Structures are given as C-alpha cells and as structure tokens.
Amino acid sequence: QVIFHEAGKGGGALGTIFLRKTDGSAAVCLGEGYGQALSPDQKWVLAVTPTNPPRHLLIPTGAGEVTELKPAGIENIAPMGFAADSRRIILVANEPGHQARDYLFDPATSKLQPLTPEGIRGPVTPDGKFLAVRANGPNPQLISVDSGSPVREIKGLQDKDRPIQITADGADAFVANYNG
C-alpha cells in the first residue's frame, strides 16, 4: 500500500490523504492533511494539516478514531515516521531555547524520549528500527531507535551529503546535497 495526498483544487484547502493498494484497486480517502508516513503494520498514517499552528494526526487506515498528537514541552514539531512497533512516533522538535533533535513519542502514554543529542537528527528507516544521523566522525551512522547505540557507519557519502531516506532493507541510503 502507499499513501499520497492531493493538493490544490482537487484536495481542498487542507489537502486530502489517500491510501491505495498496489493491485490497482481504488484509492480510499482517509481525511484532510498531508500524509507523512505509513506505519510498518500499515494500520496507521502519520499526517499534518497546513493550519496555523499545524495539527499532527494519527489516522487509522481502517476503523478507528483519529488522534491528535500533542507532545508536551517541545515546539516546532515535525513527525518523521513510526518506530518498528507501529505504536510510537519518531519526530523532530526542540525544547524552547534549544536545538532540534529526534524524539520518540508514545501517544498512548504521552511519554517523550530524546533519541539524539541536541542539533543531531536524521531520517528513520521504513521499518522503524534505525535513524540515519551524522553525529561523530565524517560518516553518518545508523543508530538503533530502541537502544540509541550506533549500529554501523554509512560509508561513501561526501562531506555535505545528508541522508534523506534509507531503503527498506537498510542496505542503501538516498542522499541530498543542499550546498551545490
């Protein structure tokens, strides 16, 4: 399955999120906003609405209620994806007066746990097990979401390359160089 959103006249003022199986069946409308991630178990969509302030939503792909995510004590929240359990959310945010970092947020308990030091952040793998971060040394590392410890270096990147996504098997990284 894939999530996508339609913007502009077809999607309405806030955009519309759809879920579609890859077998050619019709897309299913899930609600307003922009889809950020599909959970590993494919039962939830992480979404954001382009309102002021933005609303961060957890939308079920089947029956269920939409949940608004409201982690306390942080600002400038940007949901990135799901942890491997499809229950906890990985997001980038900052405490007031501090630099952004990656956090692990449990919507059921409102528990918020820092995953990286301040100023360090990176994308989550599609399976929700690892973050790709550039912390110490010249090469980015995959770090475990659950333990926070480095697993391995991502080699072959240039100095200004930034990982933007990791393949599902963790073997390859897509990168962008924003400085030329």
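The side chain of S39 makes a polar contact, at 2.6 Å, with the side chain of D41 (N or O atoms within 3.5 Å, one able to donate a hydrogen and the other to accept it; residues adjacent in sequence count only if both atoms are side-chain atoms). This is a predicted model, in which local features need pLDDT of at least 70 and side-chain atom pairs count only at pLDDT 80 or more, while totals for chains, interfaces and linings use all residues. Residues are numbered from 1 along each chain as its sequence is written, and side-chain values use heavy atoms, with hydrogens and water left out.

**Around S39**
- S39 lies in the loop between β4 and β5 (strands are DSSP runs of E, at least two residues, numbered from the N terminus).
- With a relative accessibility of 2%, S39 counts as buried (under 20% relative accessible area, 1.4 Å probe, protein chains only).
- Leaving aside residues up to four places away in sequence, S39 touches W44, F82 and S86 (heavy atoms within 4.5 Å).

**The sheet**
- Four strands, in the order β4-β5-β6-β7, form an open sheet with antiparallel pairing (two strands pair if DSSP finds at least two bridges between them).
- β4 (34–38) and β7 (67–68) stand at the edges with a single partner strand each, so one side of each has no neighbour in the sheet.
- Four antiparallel bridges join β4 to β5 (residues 44–49), and L38 stands opposite V45 in β5.

**The cores**
- The largest nonpolar core has eleven residues, including A37, F82 and Y103 (buried Ala, Val, Leu, Ile, Met, Phe, Trp, Tyr and Cys joined through side-chain atoms within 4.5 Å).
- β9 (89–94) and β10 (101–106) each supply at least two residues of this core, and β9 gives the most, with three.

Note on methods
Buried < 20%, exposed > 50% of the residue type's maximum accessible area, 1.4 Å probe, protein only.
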